[in-house]
Amino acid sequence: MLKIAWSEKYAHPLPQGHRFPMEKYELLPQQLLYEGTIGEENLFIPKALEERWLLNTHKPEYVSKLRNLALDKSEIRKTGFPLSQALIEREIHIMDGSVQACLYARKYGIAMNSAGGTHHAFTDRGEGFCLLNDIAISANYLLDNHLANRVLVIDLDVHQGNGTAEIFQDKEQVFTFSMHGAANYPLHKERSDLDVPLPDGMGDAEYLEVLDQHLEPVMDSFQPDFLIYQCGVDVLASDKLGRLGLSLAGCRSRDERVLTLAKRKGIPIMCCMGGGYSEKISLIIEAHANTYRLAQYLYF
């Protein structure tokens, strides 16, 4: 069964006109339920992740500042969200959603978090709509509980997974692969184990060719026993913050390549959603929904 983390807390209220499309966390499960891709039994509600797993990745001083709403104005501005207790609770529930999805992926081959992909969160700070790093927390949880030995992070969001790269810069058990817009945010890139910068405007054929050049060779050389897939849909040509040129069909083909390869190689995969900022919310929902449709079709 395809298990999907979802909570009412995910759709956190934001000020009118905020550029982050928070409503997608309500609309996506509604669409998947309406069309019959999933049923209520596919959804599970995450809890607040235990503090020790936050501290296993993030510095105690930073976690304490989040808990006590003690970020300064500059730190708050870099996260992109107004700071509140409800926001911090949201983030901590998202972390548990990804951890639990990893456990379901070990059982069923694949599982999803309908939020997450918070790859701009560093050990000691948040950036770019990311306060805590669910990718890193999940990988560390698997490794420290001896549920995996080698975790490959496949980050195909249009923005480099800079926080994830920083967190794992000295950890040989985690390989960070980020394929992203060369001229896009963040201005200062960290060093992933493999960075593949892409030129503005790259379309479907060129993008998929580059992905094919790297994806399977990375898997074959690193030999992971668990995959975490950050499948942001801000690669679309319609994305306000993206600068690449993929169509909905191209984005779907990207996901199909990753999921097909994971299934063929028998490696469990947890998918977290990442970014998406198209003007039309329907395009964001459709692109995300394609990932779930593929998971159901390929695995179940």
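**Helix pairs and a buried side chain**

Reply: The axes of helix α5 (residues 85-108) and α6 come within 9 Å of each other and cross at roughly 45 degrees. This is a predicted model, in which local features need pLDDT of at least 70 and side-chain atom pairs count only at pLDDT 80 or more, while totals for chains, interfaces and linings use all residues. Residues are numbered from 1 along each chain as its sequence is written, and side-chain values use heavy atoms, with hydrogens and water left out.

Me: Why is α5 called oblique to α6?

Reply: Angles under 35 degrees count as roughly parallel, over 145 as roughly antiparallel, 65 to 115 as roughly perpendicular and the rest as oblique. The axes cross at roughly 45 degrees, and that makes α5 oblique to α6.

Me: Which residues make the contact between α5 and α6?

Reply: With contact meaning heavy atoms within 4.5 Å, Met95, Ser98, Val99, Cys102, Leu103 and Arg106 of α5 meet Asp134, Ile137, Ser138, Tyr141 and Leu142 of α6. The residues of this contact of α5 with α6 divide into seven nonpolar, two polar and two charged, where Ala, Val, Leu, Ile, Met, Phe, Trp, Tyr, Cys and Pro count as nonpolar, Asp, Glu, Lys and Arg as charged, and the others, Gly among them, as polar.

Me: What makes α9 and α10 roughly parallel to each other?

Reply: The axes of helix α9 (residues 248-265) and helix α10 (residues 281-299) come within 9 Å and cross at roughly 30 degrees, and α9 and α10 are therefore roughly parallel to each other. The residues of the contact of α9 with α10 divide into nine nonpolar, three polar and five charged.

Me: Why does Asn140 count as buried?

Reply: Buried means under 20% relative accessible area, exposed over 50%, and partly exposed in between (1.4 Å probe, protein chains only). Asn140 has 4% relative accessibility, and so counts as buried. Asn140 lies in helix α6, and that helix (residues 134-144) is mostly covered, with 10 of its 11 residues buried.

Me: What does the side chain of Asn140 make a polar contact with?

Reply: Its partner is the side chain of Lys171, at 2.7 Å. A polar contact is a pair of N or O atoms within 3.5 Å; within protein, one must be able to donate a hydrogen and the other to accept it, and residues adjacent in sequence count only if both atoms are side-chain atoms. Leaving aside neighbours within four places in sequence, Asn140 is in contact with Asn56, Thr57, Phe168 and Lys171.

Note on methods
Helices (H or I, at least four residues) and strands (E, at least two) are DSSP runs, numbered from the N terminus. Axes are lines fitted to C-alpha atoms, for helices over the stretch in contact, and angles run from 0 to 180 degrees between N-to-C directions.
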